[in-house]
Amino acid sequence: MLTQVADTTHVHTSGFVLSNAVIVEGGAAALLVDPGVTSGEIDCLAADLAARGTAAVVAFSTHPDWDHVLWRPALGDAPRYATGRAADTMARLLRDPQTIVRIAEHLPPEIHGQVPLERLGLLTSLPDGTTHLPWDGPRVRVAEHRAHAPGHAALLVEEQGVLAAGDMLSDVFVPMLDLDSDGDPVEEYLAALDLLEAVAADADVAVPGHGTVARGPAIGARIALDRAYVHALRDGTDPDDPRIGSSAPEGWQWVTGIHQWQAERLGR
Ligand SMILES: [Zn+2]
């Protein structure tokens with residue numbers, strides 16, 4: 001099922017950790033951002049597009065994590081773009097035949113065997129210096145940063161004020177830092193939040209990769225909450241954050257484990 005969030009922008013939400021695909025239509029052509037997780041859901045999305053008389057002519061993966069780089073034949077053969085850094089990272093991972101084996105083995109039990117791994121990560125690099133996605137639909141700005149995963153980029157559908165944030169600005173996940181970065185993951189995350197704040201000045205709607213859609217002032221509130229969380233990680237203090245601890249939503253208590261792991265890894 002597609003949920004409209006702006007003029008020609010819709011969201012398709014997966015039952016798996018509230019993963020959001022974003023669809024931007026321009027006439028009969030559609031841009032598809034992070035298609036989804038299980039085969040059944042992605043096929044459902046393809047059928048939803050067909051029912052609307054549109055089809056994906058271009059796709060984009062916000063970052064090279066397995067749950068953002070999946071595909072199904074039902075979606076057709078659109079180029080699947082990512083930033084150069086993200087596409088290079090994915091290509092390097094796929095050169096190791098064990099990568100897919102490891103992903104398959106580590107899938108959560110509730111989706112085991114349901115995730116289409118055949119076309120995982122077959123991404124095309126955007127040319128260096130790309131500021132807008134190459135397509136004829138609504139103008140979509142690319143905002144690349146260094147947080148969470150190599151080559152992560154958010155997209156802004158400019159005329160419609162929609163920010164597709166990738167794995168940032170979630171109301172269910174705390175910020176997940178790129179702890180394998182060769183830089184400083186904390187500073188990189190804070191810089192990315194500054195960038196998203198600047199981009200979000202032109203947004204009325206923010207769609208996180210996982211979680212619920214934020215509108216208006218709720219976008220700034222999410223940025224502030226994420227910044228406070230990262231500051232707490234940096235300073236070695238206990239974050240006062242509704243996504244973890246006793247205030248975590250029902251069914252999401254395991255996110256506290258992500259926090260504890262990150263705090264340990266950072267040794268703070
Ligand atoms: Zn991710």
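View 1. The unreviewed UniProt entry carries the annotation "domain: Metallo-beta-lactamase" for residues 18-210. In this predicted model, the end C-alpha atoms of that span are 5 Å apart.

**View 2. Donors of the zinc ion.** Four residues coordinate the zinc ion: His 63 and His 148 through NE2, and Asp 65 and Asp 167 through OD, at 2.1 to 2.2 Å. Along the chain, these donors follow the spacing H-x1-D-x82-H-x18-D. His 63 belongs to the loop between strand S5 (55-60) and strand S6 (80-82), and His 148 to the loop between strand S8 (140-144) and strand S9 (153-157); the pair therefore ties together parts that are 85 residues apart in sequence.

**View 3. Geometry and burial at the zinc site.** The angles among the four donor atoms run from 93 to 165 degrees, and the site is classed as irregular. A tetrahedral assignment would require all angles to lie between 85 and 135 degrees. His 63 is buried, its relative accessible area being 0%. His 148 is likewise buried, with a value of 10%.

View 4. Helix H2 comprises 12 residues, 84-95. Gly 84, Ala 86, Ala 87, Thr 89 and Met 90 are the buried residues of H2. The elements covering these buried residues include S6 and strand S7 (124-125).

How values were computed
Residues numbered from 1 in each chain as written. Predicted model: local features only at pLDDT ≥ 70, side-chain atom pairs only at ≥ 80, totals over all residues. Heavy atoms only, no water. Donors = N, O, S within 2.8 Å, 3.2 Å for Na, K, Ca; no water. Tetrahedral: all angles 85-135°; square planar, octahedral: opposite > 155°, others 65-115°. Helix = DSSP H or I, 4+ residues; strand = E, 2+ residues; numbered from the N terminus. Buried < 20%, exposed > 50% of the residue type's maximum accessible area, 1.4 Å probe, protein only. UniProt positions renumbered as here; feature names shortened; annotations may be inferred. Expected span 1.5 Å × (residues − 1). Contact = heavy atoms within 4.5 Å.
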